[in-house]
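Work through the following exercises with the sequence and the model side by side, and try each task before reading its solution.

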Amino acid sequence: MHCPFCRNPDTKVIDSRSTDDGGAIRRRRSCPECGKRFTTQENVLLMVAKRSGVTEPFSREKIIAGVRRACQGRPVDEDALAKLGQRVEEALRAAGAAEVPSHEVGLAILGPLGELDEVAYLRFASVYRSFESLDDFAKEIESLRTAGSSGEPGPSR
Ligand SMILES: [Zn+2]
């Protein structure tokens, strides 16, 4: 790994340790050229398995871009989108698998999106669940109403 300060291609590892949760390794490195120190982290890449069988690294940016499309014209700001992306990633990583099927990524988005904006949720769900008729929408809206009537929405995160 090259030095991020002077681009010297050779750096030395001076310390390696597991993070507290054991999910990653951090390495302290020093550059023999400029003497600066920096830290790198090694973790398991969370992979998403698409229906085609192709896997690709999980991308929070992709999640946010998809949700942003569903939120067009809705009162949802970038900050809320960023938080949603973080929640989705945390939920998927908490499950502890190195690879998740793409439909589980969709499911992980639906929960927090439903709390954020019901219209955006319906748009996203219609694509994700491939709604085919007005009945599908009606059922989904009914279930949103039922969920909403069980109490006040929680504090927004
Ligand atoms: Zn350097």
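How many bridges join β1 to β2, and do these strands run parallel or antiparallel? The model is a predicted one, in which local features need pLDDT of at least 70 and side-chain atom pairs count only at pLDDT 80 or more, while totals for chains, interfaces and linings use all residues. Residues are numbered from 1 along each chain as its sequence is written, and side-chain values use heavy atoms, with hydrogens and water left out.

**Solution 1.** β1 and β2 run antiparallel and are joined by 6 bridges; strands are DSSP runs of E with at least two residues, helices are runs of H or I with at least four, and both are numbered from the N terminus. Two strands count as paired if DSSP finds at least two bridges between them. Within this pair, Asp15 stands opposite Arg28 in β2, and Ser18 stands opposite Ile25 in β2. The two strands form a hairpin with 5 residues between them, and Gly22 in the turn has a positive phi of about 75°.

**Exercise 1.** Identify the protein donors of the zinc ion and describe the geometry of the site.

**Solution 2.** Donors are N, O and S atoms within 2.8 Å of the metal (3.2 Å for Na, K and Ca), and because water is not among the atoms, sites may look incomplete. The SG atoms of Cys3, Cys6, Cys31 and Cys34 lie 2.3 Å from the zinc ion. The 4 donor atoms make angles of 106 to 117°, and the site is tetrahedral, a label given to four donors if all angles lie between 85 and 135 degrees. Along the chain the donors follow the spacing C-x2-C-x24-C-x2-C. Cys3, in the segment before β1 (12–18), and Cys31, in the loop between β2 (24–30) and β3 (37–43), are 28 residues apart and link distant parts of the chain. Both Cys3 and Cys31 are buried, meaning under 20% relative accessible area, where exposed is over 50% and partly exposed is in between (1.4 Å probe, protein chains only).

Conventions: Four donors count as tetrahedral if all angles lie between 85 and 135 degrees; four count as square planar and six as octahedral if opposite donors are over 155 degrees apart and all others between 65 and 115; anything else is irregular.
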